Amino acid sequence: MREEKLEKLLNELADATTEPVHPHLAEDIKHQIPPQLSPHRGGMDTVNIIIDLRINKLTAAAAIIVTMILCASFFGSRSLEGDSIYQDSKLLIKYCLEGIDADRSNVLTAKSRYEYLAKRVKDIVYYGDSIDPKDDNAVLIQWKLSDGKYRVVFGDLREKTVSAEELIKLQARMLQKKAE
Amino acid sequence: MEYSEQRRDSLVARLRAGNRAAAAELVDIYYKQIYVFMRRLGHSCQVSEELTQESFLAAWQHIGQLRSEKALNGWIYRIAGNVSRLYWRRHKDSKAVSVGGIDVPDGSESGCDKTGHLEQLGRLKNAVIKLPVKLRQAVVLHYMQHLTIAEAAKAADVRQGTFKSRLNRALKILRSQISSEDGELL
């Protein structure tokens, strides 16, 4: 009986505390209805769940990418050799902390390319860890071709075939820039 | 507005198809309820208006999650409840404010009885606003927004058993508070 009286009072309280609503509220909300209501938002629910965990969008994106890399490794489409997962994750986290930086993005792309080529060609060298990522003309990767020339990937991801002399000049320029 | 089951089914089907007119209809049906829900949860008038708008914006984004015709009430209140919860998280220093005056329609009670009744309702209103957020939400959803236990549990994103337990705890607290102030056992 006591509980019933309290419940009755709560129901009465609800009826007694109804407030008038701002007359334009409904119209304001209707103006915000998007032109296209899409019931399917590919992948956004996953991102929203992660954002609900109170981490920012960039970190959420990094978490998703790292998970995808780990899944790819697990199912055998990517090698776990040479601690590449660890290096990729490290680069991704650094990339996220520093914000969106196109130069770092190039270095990341070049590293993936290097890992791919390393298994297929000999005499390949990767300079991505030591060069200035903002230097478009820095040599990121080099490897020797069968005709004695060298194939070079630059900081802006351009590719060029150069002679041994030209390669020495490019490397000398890099060393000089580093010394400065 | 009373809404027939048939029209509700049709509304949900049209919402799921991405129909804008259905979205506007949803606003007409629910905007007052969601505003009052926010007020009863302890948000100020201005914040309640903002949170009502936010709730509908979130609803447009999560229309894909609306799967069953019977789940409309639970779905919209769940979104509104989440919007309110996020607001409290972001504004930890904000204090809950109760809805303004109490307006009781004239009945058979004498002047003296009516004053006593109003005082009792006033005390209950203050006690509800002092409840912990989860318990307050349970009381508001079930007793004030008149959602069934199943709908309210879905809106609170908990099992029905957990929701009933919250309600019991809330009623116990309210009873003890009103009784101690009243000197009367409810």
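Q: At 39% relative accessibility, does Glu27(A) count as buried, partly exposed or exposed?
A: Glu27(A) has a relative accessibility of 39%. The model is predicted, so local features need pLDDT of at least 70 and side-chain atom pairs count only at pLDDT 80 or more, while totals for chains, interfaces and linings use all residues. Residues are numbered from 1 along each chain as its sequence is written, chains are lettered from A and ligands numbered from 1 in the order in which they are written, and side-chain values use heavy atoms, without hydrogens and water. Since buried means under 20% relative accessible area and exposed over 50%, with a 1.4 Å probe and protein chains only, Glu27(A) counts as partly exposed.

Q: Which residue forms a salt bridge with Glu27(A), with the closest N and O atoms 3.8 Å apart?
A: A salt bridge is a side-chain nitrogen of Lys or Arg within 4 Å of a carboxyl oxygen of Asp or Glu. Both partners lie in helix H2 (residues 25-31) of chain A, three residues apart, about one turn of the helix; a helix here is a DSSP run (H or I) of at least four residues, numbered from the N terminus. The partner of Glu27(A) is Lys30(A).

Q: How many residues apart in sequence are the parts tied together by Arg14(B) and Glu25(B)?
A: The side chains of Arg14(B) and Glu25(B) meet in a salt bridge, at 3.0 Å from N to O. Because Arg14(B) belongs to helix H1 (residues 5-16) of chain B and Glu25(B) to helix H2 (residues 20-40) of chain B, the pair ties together parts whose separation in sequence is 11 residues.

Q: Where in chain B does Asp157(B), the partner of Arg78(B), lie?
A: Arg78(B) and Asp157(B) meet through their side chains in a salt bridge of 3.3 Å, N to O. Arg78(B) lies in helix H4 (residues 72-90), so the pair ties together parts that are 79 residues apart in sequence, and Asp157(B) itself lies in the loop between helix H7 (149-156) and helix H8 (160-182).

Q: How many salt bridges does a search of the whole structure find over all chains?
A: Some of the salt bridges share partners, joining Glu27(A), Lys30(A) and Asp28(B) into one network. Over all chains, the search finds a total of five.

Q: At which residue does H2(B) bend by about 50°?
A: H2(B) is mostly covered, with 16 of its 21 residues buried. The bend at a residue is the angle between axes fitted to the seven residues ending there and the seven starting there. In H2(B), the bend of about 50° is at Tyr30(B).

Key
Helix = DSSP H or I, 4+ residues; strand = E, 2+ residues; numbered from the N terminus.
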